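Subject: Structure handover

Hello,

Here is the structure I said I would pass on.

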Amino acid sequence: MLTVAGLEKYRGGDSLTGMSARDSDWEGVRLHVVTGKGGTGKTTVAAALALALSYHGRKVLLLEVEGRQGIARLFDCPPLPYGERKIGIGLGEDGRPGGDLYALALDPEGALLDYLEMFYGLRHAGQALTRLGLVDFATTIAPGLSDVLQTGKATEATRRRARGREVYDAVVMDAPPTGRISRFLNVSVEVSGLAKVGPIRVHADSVARVIRSPQTAVHFVTTLEEMPVQETLDGLAELRALGGMQLGGIFINMVRPHGVAEAGLGAAAAGRADEAEIALGLKAAGLPDSQALAADLAIELTDHARGVALQERERRELATVGQPRYELPAITDGIDLGGLYALAEVLRAQGAA
Amino acid sequence: MNPPPVPVRLETDALIDDRRTRIIVCCGSGGVGKTTAAAAIGLRAAERGRHVVVLTVDPARRLAQSMGLTHLDNIPRPVDADFPLSGSLHAMMLDMKRTFDEIVEAHADPDRATQILANPFYQSLSSSFAGTQEYMAMEKLGQLHHTDEWDLIVVDTPPSRSALDFLDAPQRLGRFLDGRLIRLLTAPAKPGRAYLKMLNAGFSLVTGTLTKVIGAQVLKDMQTFVTAFDTMFGGFRERAESTYRLLQTPGTAFLVVAAPEPDALREASYFVERLEGERMPLAGLILNRVHVPAATRLSAARSIAAAETLENHEIPEGTEDSAGPPRYALAAGVLRLHAERMQLAVRERRVAEHFTAAHPTVPVAEVAAQPEDVHDLKGLRAIGLSLASRAAHG
């Protein structure tokens, strides 16, 4: 569970007096692509962002790619079949209930069948192709194809209209990890090697137009650790080099409070933790063997202080790229639904949604 | 109440000292320090007298630098260090496209090779598809083994989405080759036999649909590629299968790497079950980044209680004297910090125990969390040492 102190700090704003969140930094963005290095909590952040975006009266779709079923685990429901279904109510606000959150677990096969049906009315032929191993074929030998089918589904959902308006107010895609993201999103180029003309090419081009429009933003999830930060910077640079894509926010996940005043941390980081002062306190608290205990706790403090110093360095590194940054507190004991809503609230307060 | 399950200890030193161990495969989900573990094991083995090559798939730049390597380019590069027992260490990074190109060049006549290398399907297959990486890692492992230049190969498996794509490579290739689609594309049905007639009917449906969906030109490229590649497929599969069998021999040891977190250990369980199912020799689990508080004798609950006592001693805000901040603030902060660390340690212990309860026979070795990422051989050495020393949690 979140410690209250931890959460209040991140809520920003004045949540106690019921003041509403500030405006979103991403007005006009309808497709939020969320990427991040493995282990940084990409799926969790995507889900929290989707909850934050589905406020009163809104309808949001949370998409995951490659059939990982991370969403089902997070929302504690059985594996999602291929199909859009409601999995929750968004974050409420000012006493009003949240909107509707839908989810879809994409896999290349389902996306292919969808594509065939949608564009050619060929559901049965599609099933025949599946039986004949076309899907295996597509995933084994025509890599760009399965990517374009999945991004295609995301852009289709983003653009889908019914009764004169868009069906979804926002689509959040839990995308492949940072190492693969530019290739995944650069569909048109990936496919062009395979198909210079023809329907796949036309499809890829229309997908690319949505991805490269102001309607789409690519967000990065990282922790304050060296490798994830480096991958984030590399990923941002890669996307920037491709051109035409809107870079999104940097979501700094699993941030832990410092816990100890700056002065104490500084001394500890320099290897001069004040053992005597700690021992004095331990003694006052009635703990036995305060000298030896203070020595051990000083080791822990030094360790912690070095960690904090490293985090600060990574934080500064992230600040150099100039994208909006959001900080999410570490939730210990695993993420449950309550934790997800807490994160959604934090994101809303900081203007990510 | 039953006592918590205690795992058998994984003796990594015994494993690397045993000359019969020829291949160590590190597998695990992404972000658990798999590559670092592989490099640390390789270094330790070299320092204990083995001739080692570490095959990594996608190392972080800093890890390559930590071994003093500026470029990793599909060729084993010597790591410059002192190996007292006349051991040696090489490291290489898999370049899947180059590995693939080399196979094509080695196994097809020049004309055909040129034709294949220029085919758009081949180019996209060899350079951008994630599955190719697993397959090429397997191929490279086979090649390294055949040269017999090293007596220990440490492999770091690709960060696959599905856990053991590495092991699936030969089968997937087989399934692909035996696939009806390939047969349809390469050899339109001969008349006469009933099922072929059916396929023939299917064929026009398939090619018709394919043309409609992906376009005639793509289909043509596809057919050209498959036809040109056809003669090589058999050799591919044969080699993949022989590497697969090599992995099943007692000279191979699989190490599953995980962090003490529920998700990573769930993946680890899956790996263990898969390896057992495939009759692959599993040596054990490396539990990486275990947090060990320095003062385990003070429980989280007592630590919090003590912190509260001190915090209640604090002078109310606005009334503190000029002597400075409250004198117990540091101790209270440190106690809160310690409580958090103890809670983390307890949680980690619990998920590790769950794993051992489910897999009681799998030996486990722990690596204490390092304060910083690895930057040099010293850092790698520290990990190797932590791995070899008694369980982190005493």
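This is a predicted model: local features need pLDDT of at least 70, side-chain atom pairs count only at pLDDT 80 or more; totals for chains, interfaces and linings use all residues.

Residues are numbered from 1 along each chain as its sequence is written, and chains are lettered from A and ligands numbered from 1 in the order in which they are written.

Confidence. pLDDT is the predictor's confidence in each residue, from 0 to 100. Chain A has a mean pLDDT of 86, with 88% of its residues at 70 or more. Within chain A, the lowest mean, 48, belongs to helix H1 (residues 4–11), and the highest, 98, to strand E8 (residues 216–222). Helices (H or I, at least four residues) and strands (E, at least two) are DSSP runs, numbered from the N terminus. In residues 1–6 of chain A the pLDDT is below 50, and this stretch has nine contacts in the model beyond near neighbours in sequence. A contact means that the C-beta atoms of two residues, placed from the backbone, lie within 7 Å.

Cores. A residue is buried if 20 or more other C-beta atoms (placed from the backbone) lie within 10 Å of its own, exposed if 12 or fewer, and partly exposed in between. A nonpolar core is a set of buried Ala, Val, Leu, Ile, Met, Phe, Trp, Tyr and Cys residues joined through C-beta atoms within 7 Å. The largest such core has 168 residues, and Leu49(A), Leu62(A) and Val172(A) touch the most other members. Helix H2 (residues 42–53) of chain A gives the largest share of this core, nine residues. A second, separate core of 31 residues includes Val260(A) and Leu310(B).

Chain B. This chain has 15 helices and eight strands. Of its 394 residues, 44% are buried.

Helix pair. In chain B, the axes of H12 (residues 262–277) and H14 (residues 329–358) come within 10 Å and cross at roughly 15°. Axes are lines fitted to C-alpha atoms, for helices over the stretch in contact, and angles run from 0 to 180 degrees between N-to-C directions. H12(B) is therefore roughly parallel to H14(B) (angles under 35 degrees count as such).

Loop residues. Arg163(A) is not a glycine, yet has a positive phi of about 50°. Arg163(A) lies in the loop between strands E5 (161–162) and E6 (165–166) of chain A. Arg279(B), also not a glycine, has a positive phi of about 55°.

Regards

Methods
Angles under 35 degrees count as roughly parallel, over 145 as roughly antiparallel, 65 to 115 as roughly perpendicular and the rest as oblique.
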